Amino acid sequence: MIRLHAFTALIATLVLCVGCGDDSPTSPTDTSTSSSTTAAAPTISEEFSSTVLVGGSKFYSFTTSTYGTINLTLTSVGGNFVPSTVMLGLGIGQPSGTDCVTTTSVNTAAGSSAQVTGAYSAGVYCAKVSDIGNLYAPASFNVTIAYP
């Protein structure tokens, strides 16, 4: 009698399990909301022209409205007793009071290709030009800032 009840319970469980099964396979559903974000190309170009004193620096603030590529190009350097091949510091960062705190910088001579480039979020940034210790007279310079 106990065996009959156990056998009946086993058959009932098997029937119940088979009845609940689904023979059609399902594929997983993608619920992710990720999307590839591509940096926007520069569409705005500004010129930053000034004079950097011996041991000094100058910066220029600008605002980007979208995530994209920012390019800085030191296009010219000159002045009395300043060779056009002199190297200056060129960097990008964020304004902080009366200074620009750079996050990326290089020591470079003037050229026609971007010397500082990177992808940045929308926000306020600054381009900074500085004497790296080799100026003997004030140097006039021109920087092209390209951003989206």
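Let me start with the sheet, an open one of 4 strands in the order 2-7-4-5, with antiparallel pairing, and let me say at once that what we have on the screen is a predicted model. The edges of this sheet are strand 2 and strand 5, each of which pairs on one side only. If we ignore direction, neighbouring strands in the sheet are turned against each other by 25 degrees on average.

Now to the pairing of strand 2 with strand 7, where the two run antiparallel and are joined by 8 bridges. To give one of the pairs by name, serine 57 has serine 130 in strand 7 as its bridge partner.

Staying with strand 2, which covers residues 57-64, I would like to look at threonine 64. Is threonine 64 buried or exposed? Its relative accessibility is 4%, and because buried means under 20%, threonine 64 counts as buried. Its side chain reaches the backbone oxygen of serine 121 at a distance of 3.4 Å. Once the neighbours within four places in sequence are left aside, the residues in contact with threonine 64 are Ile70, Ser121, Ala122, Gly123, Tyr125, Tyr147 and Pro148.

Let me turn to charge pairing, where the count comes to 1 salt bridge. Which residue forms a salt bridge with lysine 128? The partner is aspartate 99, and the closest N and O atoms of the pair are 3.2 Å apart. In general terms, side chains of opposite charge can pair when their charged atoms come close.

My last stop is leucine 135, which lies in the loop between strand 7 and strand 8, the latter being residues 139-147. Although it is in a loop, leucine 135 counts as buried, at 6% relative accessibility. Which residues is leucine 135 in contact with, leaving aside its neighbours within four places in sequence? They are Val52, Leu53, Val54, Val82, Val86 and Leu88. For one of these, valine 82, we also have a C-alpha separation from leucine 135 of 7.1 Å, with the two residues 53 apart along the chain.

Definitions and conventions. Residues are numbered from 1 along each chain as its sequence is written. This is a predicted model: local features need pLDDT of at least 70, side-chain atom pairs count only at pLDDT 80 or more; totals for chains, interfaces and linings use all residues. Side-chain values use heavy atoms; hydrogens and water are left out. A salt bridge is a side-chain nitrogen of Lys or Arg within 4 Å of a carboxyl oxygen of Asp or Glu. Buried means under 20% relative accessible area, exposed over 50%, partly exposed in between (1.4 Å probe, protein chains only). A polar contact is a pair of N or O atoms within 3.5 Å; within protein, one must be able to donate a hydrogen and the other to accept it, and residues adjacent in sequence count only if both atoms are side-chain atoms. Contact means heavy atoms within 4.5 Å. Two strands pair if DSSP finds at least two bridges between them. Axes are lines fitted to C-alpha atoms, for helices over the stretch in contact, and angles run from 0 to 180 degrees between N-to-C directions.
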